2 protein chains.
Amino acid sequence: MKKIKTRDRILNTSLSLFNCVGEPNVTTLLISDELDISPGNLYYHFKSKGDIVEELFDQFEAEMLDLLAVPEDADISLDQQSFFLHLMFETVARYRFLYQDLVNVLSRYDQLQTRFRRLLKKKTNAFLVICQSFRRQNMMTIEEEELQSLCEQLTLTACYWNSFDSLSHLNDRESVDPGRGVYQMLHLVMPYLAGQQQAELRLISQDYL
Amino acid sequence: MKKIKTRDRILNTSLSLFNCVGEPNVTTLLISDELDISPGNLYYHFKSKGDIVEELFDQFEAEMLDLLAVPEDADISLDQQSFFLHLMFETVARYRFLYQDLVNVLSRYDQLQTRFRRLLKKKTNAFLVICQSFRRQNMMTIEEEELQSLCEQLTLTACYWNSFDSLSHLNDRESVDPGRGVYQMLHLVMPYLAGQQQAELRLISQDYL
DNA sequence: GTCTATATGAAGATAGAC
DNA sequence: GTCTATCTTCATATAGAC
């Protein structure tokens, strides 16, 4: 039974609280209370609340970048794509506090803005790569202009679906089900697939409901 | 030259500031400074900052409800739909501060949460009514399950497109161009339209770029 | 590393004069 | 209706003891 370092406990608890009640509503006092440590102790490990946010963002960014390293020239299957989306939604859900009050959070930690924007770009690009792979495999038919529009739509949905979903269905549940998001994403792609693949993806999408 | 009442000036200026820098970053001092009135004067007209937010929400809700009163049995044309979307995006843009930090704002003024959710429901329903009208006119082919998914997607996009767009294209522009949002929405509907209507809608969508 | 106690400063809000 | 002055509250952050 290894003891978890206080520093890491602070990070974990902060993340939970941020996700639960929103980063702006979480005070350093609340965090230290939750951990049964003193506020002073918290400030021994992090010189400001912003530092906690930034370190959590570092984690998030690293996980995302790792995930977004999609090989340009691979033949991607529908199953692989679904799995990719699944992982992405899990990551977004784990750091959902960032997305719930995006403008506010990014406005107060403004160096994060550029980095977040870069992630967005990379996300759109990853979707582009996937769709182009589908096209190469003759699984998808789509005009260049529609493709751009679709990939932006996918990026938008990847960002906001979780917030939207938990807002429209007033669930007090803490955890977010990533399934419905994946389902929604698959249905965005579906109309552009060839008949056979369309049927196949419809089947896959059922598993995510 | 009629003089605008201070009360209304407060509302207008607050709305501008909220949209510009985000509601949480706007203090009562900033509002009164901007108006060249004293903080005390502001509190003569509104007993709290929350009251200003709520009154702005009242305005927003009224405009939205007015817009969402779509007749159930009318034959809606593609042009009418586009115009409808255009108006909706304008309204959302005018009160975009609500959408930019949704979770945060709704968490601090919690009676707004129910009302906002009701608006979301009504939006989804309005899209449903429109699509069903298209279907009755044999302009659209879509399965029941896809229809539900599409209408939620339209609602999501109507909510978040503006925030997403201004986030991804780092424009320091104050005003938001509602056009790209409409374009995106039209492209969501397009795949489900019959050939002729698809071409027609593609033409219409070009005007919004 | 952790604590208690305290400083700093900002935002929301009120009182009372004009 | 509008102002100035002031109060309260509370979150961030620091100092210094253990």
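**Protein–DNA and protein–protein surfaces**

The residues that form the surface near DNA strand C comprise six nonpolar, nine polar and two charged residues. In this predicted model, DNA strand C is surrounded by 17 residues, the closest being A:S38, A:G40, A:N41, B:G40 and B:Y43. Two or more residues of this surface are supplied by each of helix 3 (39-45) of chain A and helix 2 (28-35), helix 3 (39-45) and helix 4 (49-68) of chain B. Helix 3 of chain A provides the largest share of the surface near DNA strand C, with four residues.

Around DNA strand D there are likewise 17 residues, of which A:G40, A:Y43, A:S48, B:S38 and B:G40 come nearest. Helix 2 (28-35), helix 3 and helix 4 (49-68) of chain A, together with helix 3 of chain B, each give two or more residues to the surface near DNA strand D. The largest share of that surface, four residues, is contributed by helix 3 of chain B. By class, the surface near DNA strand D consists of six nonpolar, nine polar and two charged residues.

Between the two protein chains, 30 residues of chain B are in contact with 29 residues of chain A. On the side of chain B that touches chain A, at least two residues are supplied by each of helix 7 (102-108), helix 8 (111-136), helix 9 (144-168) and helix 10 (179-189) of chain B. Helix 9 of chain B gives the most to this side, with twelve residues. The side of chain B that touches chain A contains 15 nonpolar, twelve polar and three charged residues.

Definitions and conventions: Residues numbered from 1 in each chain as written. Chains lettered and ligands numbered in written order. Predicted model: local features only at pLDDT ≥ 70, side-chain atom pairs only at ≥ 80, totals over all residues. Contact = placed C-beta atoms within 7 Å. Nonpolar A, V, L, I, M, F, W, Y, C, P; charged D, E, K, R; others polar. Near = placed C-beta within 6 Å.
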